[in-house]
Structures are given as C-alpha cells and as structure tokens.
Amino acid sequence: MKNGLIIGLIGLVMLGILAGGIWLLSSGKTADVATVDAANQLYASGHYGEAARIYEQEIARGVQDSTVYFNLGNAYFEQGDMGRAVLNLQRAAELAPRDPDIQANLALARQQTTELFAAEPSGPVAVLAKLTSWMTLNEAAILVLGLWFLLGFFILAYREVQGPRGRRLVQTSAMVVLILMLLAGVSLASRSFLQQTQPPGVVVTPSVAISDSPGTNNPSGYHLTGGTKVNVIDRVGDWVRLETPQGAGESWVPAEAVEPVT
C-alpha cells in the first residue's frame, strides 16, 4: 500500500511537470477570430487579394496557425500566384501534417507547377527523420519528453515494486519505453539537422533562371517556375545554391526568388 502510494505521488508530480512542458511548447500567439472571419468573408465573396492581405497581417503579428496559412495559400491559388500558394500550403502542412484538406490542396497546387527540382533527402538521416514525419516538430518533442518522464517513472517504480514478477514487468516496460524514446529522439534530431543543413524552400517568383555560379553572367539555360520546391544548401551574398539531382552541375538563383518553408 505504501509503495503504491509513493509510486502514485511520483507519477502525479511527473505528470504535472510534463503538462507544464507541453504548455510551454504549445504556447504562442493565436489568430484573432473576428479578423480571420472578416478575411474569410472577403475570400468567400471573391476578394482574394484583400483576404490575403489580412491573413498576411495576422502572420506578421507572429501567429502560427495552420488554418491561417491554409486560407492564405488558397487565396494566392485563386489569384494564380502558384509560388506563394504552394509556400503557404506547405507551411500549413508543417503545422498540421495530418490534415487531409491541406494535403489535398497542396497536391492540387503542385500540379500547376514543375516537378520537384531536387529529390527528397535520402540516406540514414532522412530515413530516421521520416519516423516522426507525421508529427510536427513540437509534437515530436512532446513525445520524446513524455517518454523520458515515463522512463523515469518506471525506473523509480522498479525500486519500489516488490517481487520478481512485478520487477520483470516494470523492467520490460522500461526497456520498451527506452527504445521508443531513442527512436523518437534520433528522428527529432535528424529532422532538425536536415532543416538546418538542407532547408526546404519554394520558388515564389513566376519564373527564375538558374546560373552555374553566383551572378547573372553564368546562365545554365534552365528555369524554375513559381511553386517549385527546392532545398537550399549554400548562400553567397544575394545568391543561394540549390540541391540538384545527382550528377547535375551547380544551380544558383537569386535569394529573393526563394522563400524558406520554415
């Protein structure tokens, strides 16, 4: 009875700490409901440009809301601006990766653009990153934090539980949680690494010429259309280098032609 009470109290304390961590990771500015409703009404009446300006103002305030990005992407799509349509729908997908409406509209917008310029990142790091690709980075961080606290709970419980059968059960549970925590943690670290070393971007200009090196005097003869997804791997002055398919030469475009997704 005493051991059970101790374990229960420890669990409650850990649960409170975990709840505090989740609140810190999830906190942020929320969209103004009345303002977004006004923008939605403008969108519904066909005033896409005015609606887009209001959505942009909300984002400029620091609002990170998948619905706002989704609506903004749709507004740009209706105006024929595929670059900013794909960009904002992709940002919405980063915040709500399991939303089917966002995925459907993003796929529709991409059909109006060229194919992906560079293949998705490959290799062990990319494979590990995909383990939590169905979650946001914050959700993955919360998962790792929750598993870490759960592991700590099992370790403390192991010291309090009496009898070999109970201890084996706690030990097995702790091992399973440890493996899951390591996989989730490595996946989270891999995603963060890829975002730092190969940040995804989208071409936002209607068209941009590719150069073999920084500067306009070295055209390659190729162009990218607005909405093309790219990975930026280097920057020199006002030029960025894009990841290219294996065997292709260097590809540089003006930095202003590409906006980062995250």
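Among contacts in this chain (heavy atoms within 4.5 Å) between residues at least 6 apart in sequence, 63% join residues at least 24 apart. Keep in mind that this is a predicted model, where local features need pLDDT of at least 70, side-chain atom pairs count only at pLDDT 80 or more, and totals for chains, interfaces and linings use all residues. Residues are numbered from 1 along each chain as its sequence is written, and side-chain values use heavy atoms, with hydrogens and water left out.

The chain has nine helices and seven strands; these are DSSP runs numbered from the N terminus, with helices being H or I of at least four residues and strands E of at least two. Of the 262 residues, 38% are buried, and buried here means under 20% relative accessible area, with exposed over 50% and partly exposed in between (1.4 Å probe, protein chains only).

Now for the inside. The largest nonpolar core has 28 residues, and Tyr 55, Val 68, Leu 72 and Ile 102 have the most contacts inside it. A core of this kind is a set of buried Ala, Val, Leu, Ile, Met, Phe, Trp, Tyr and Cys residues joined through side-chain atoms within 4.5 Å. Helices H2 (33–44), H3 (48–60), H4 (66–78), H5 (82–95) and H6 (100–110) each supply at least two of its residues. Take Ile 102: leaving aside neighbours within four places in sequence, Ile 102 is in contact with Ser 66, Phe 70, Leu 89, Ala 92, Ala 93 and Ala 96.

Next, look at how H4 and H5 pack. Their axes, lines fitted to C-alpha atoms over the stretch in contact, with angles running from 0 to 180 degrees between N-to-C directions, come within 7 Å and cross at roughly 160°. H4 and H5 are therefore roughly antiparallel, a label for angles over 145 degrees. The contact includes Phe 70 and Leu 72 of H4 and Leu 89 and Ala 92 of H5.

Thr 132, in the loop between H7 (124–130) and H8 (137–160), touches Ala 140, Ala 184, Ser 187, Leu 188 and Arg 191, not counting residues up to four places away in sequence. Thr 132 is buried, with a relative accessible area of 4%.

Finally, the axes of H8 and H9 (residues 164–197) come within 8 Å and cross at roughly 155°. That makes H8 roughly antiparallel to H9.

Notes:
Angles under 35 degrees count as roughly parallel, over 145 as roughly antiparallel, 65 to 115 as roughly perpendicular and the rest as oblique.
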